[in-house]
Amino acid sequence: MVSEVVGMLRPRPGMVVVDCTVGAGGHAEALLRAAGGRVTFIGIDRDPAALDWAAHRLARFGDSVRLVAAGFDDLEWILRSQGVPAADAILLDLGMSSMQVDDASRGFSYRRDGPLDMRMDPTSGPTAQDVVNVYSAEELERIILEYGEERYAGLVARAITTARRRAPLRTTTELAGVIQDAYPPRARRGTHPARRTFQALRIEVNDELGALDRTLRAAPDALASGGRIAVLSYHSLEDRLTKRIFDELAPRQAPLPGLPPPESPNARLRPLARGALLPGRDEVERNPRARSARLRGAEKLS
Ligand SMILES: C[S@@+](CC[C@H](N)C(=O)[O-])C[C@H]1O[C@@H](n2cnc3c(N)ncnc32)[C@H](O)[C@@H]1O
């Protein structure tokens, strides 16, 4: 949804544009191009490998681009450390990049044999291997149910704790096999039985919902007056959280008869569209991973 993101954030010369999830730099390149390269562009990613890809792709924009290895929930500190008072445009393109999924050594994919890692920042924090081998059956069931929305969370959690009694689980395909065997045979058709559990583990390992919650709540302080924020999410947990926080930051008063409800004096943001924007059919045909994308945006009120 590159053109939708550019249309929502409207980058123009002189702006401060912050891409909180710069990844391979695809959105970054489009935003920089739309502003003729004449912006202060800050690209953040917690994965140092992603910053290498971004540095390569954005090299031609020279000094306009600053790349920062950090979690985006450090946004206020990052802006301050870059000597920037506030951002005019902020983008969050959530989740993992194709490069991360396709690299077996990162452990994100149940289809590729690799270590059970799943950290977006591979230099710190517990891995998925720590989670599956250390958490209690109850904790595993809770995260698989909550973050994976997996109806067989109890079965999967018990299968994991039984398997790890024989030997610690170490690889993605080993774990995928345990989940597949735990699944009721009638439910094994369709998407892979491990998909939801892998999503849950990734969210837990990277504290994805916590980081999103903290960042969206801090967004009004990080944005300049009239500045805009766009959030691209790929599953309902991220999209529901984004909607809830935007609604909280953009409260409305009771409507007068026949009129739309006015903004409350406490509102700090104004939503940029009614509901979420979805990818067009062409985009989904070109890139099936875009199927579940949802784009929401908001503007900081003066
Ligand atoms: C979907 S990809 C972004 C792709 C990018 N928009 C592009 O066009 O190439 C998401 C990126 O966000 C990074 N990421 C996820 N959570 C993060 C966080 N809390 N802080 C910083 N980076 C994060 C991931 O490492 C990944 O590189």
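Reader: What is the relative accessibility of Asp221?
Author: This is a predicted model, in which local features need pLDDT of at least 70 and side-chain atom pairs count only at pLDDT 80 or more, while totals for chains, interfaces and linings use all residues. Residues are numbered from 1 along each chain as its sequence is written, and side-chain values use heavy atoms, with hydrogens and water left out. Buried means under 20% relative accessible area, exposed over 50%, and partly exposed in between (1.4 Å probe, protein chains only). Asp221 counts as partly exposed, with a relative accessibility of 43%.

Reader: How many residues apart are Asp221 and Arg268?
Author: Asp221 forms a salt bridge with Arg268, with 3.1 Å between the closest N and O atoms. The pair links distant parts of the chain: Asp221 belongs to helix H11 (residues 208-222), and Arg268 to the loop between helix H12 (236-249) and strand E6 (269-271), at a separation of 47 residues. Helices (H or I, at least four residues) and strands (E, at least two) are DSSP runs, numbered from the N terminus.

Reader: How many salt bridges does the structure hold?
Author: A salt bridge is a side-chain nitrogen of Lys or Arg within 4 Å of a carboxyl oxygen of Asp or Glu. By this criterion, the number of salt bridges in the structure is 20.

Reader: Which residues are linked with Arg57 in a network of salt bridges?
Author: The salt bridge of Arg57 and Glu29 has an N to O distance of 2.9 Å. The network links Arg57 with Glu29, Arg33 and Arg60.

Reader: Why are Glu146 and Arg142 separated by about one helical turn?
Author: Glu146 and Arg142 form a salt bridge whose closest N and O atoms are 3.5 Å apart. An α-helix has 3.6 residues a turn, so residues three or four places apart point the same way. Glu146 and Arg142 are about one helical turn apart because both lie in helix H7 (residues 137-148) at a spacing of four residues.

Reader: Within what arc do the buried residues of H9 fall?
Author: Helix H9 (residues 172-182) has Thr172, Leu175, Ala176, Val178, Ile179 and Ala182 as its buried residues. Viewed down the axis of H9, these residues line one face of the helix, because they fall within an arc of 160°. The arc is that of the directions from the helix axis to the C-beta atoms.

Reader: Against which helices do the buried residues of H9 pack?
Author: Contact means heavy atoms within 4.5 Å. The buried residues of H9 pack against helix H6 (128-134), helix H8 (153-166) and helix H10 (195-205).

Reader: Which residues does His192 touch?
Author: His192 is situated in the loop between H9 and H10. Its C-alpha atom is separated by 39 Å from that of Ile78, 114 residues apart along the chain. Not counting residues up to four places away in sequence, His192 touches Tyr110, Arg111, Ala176 and Gln180.
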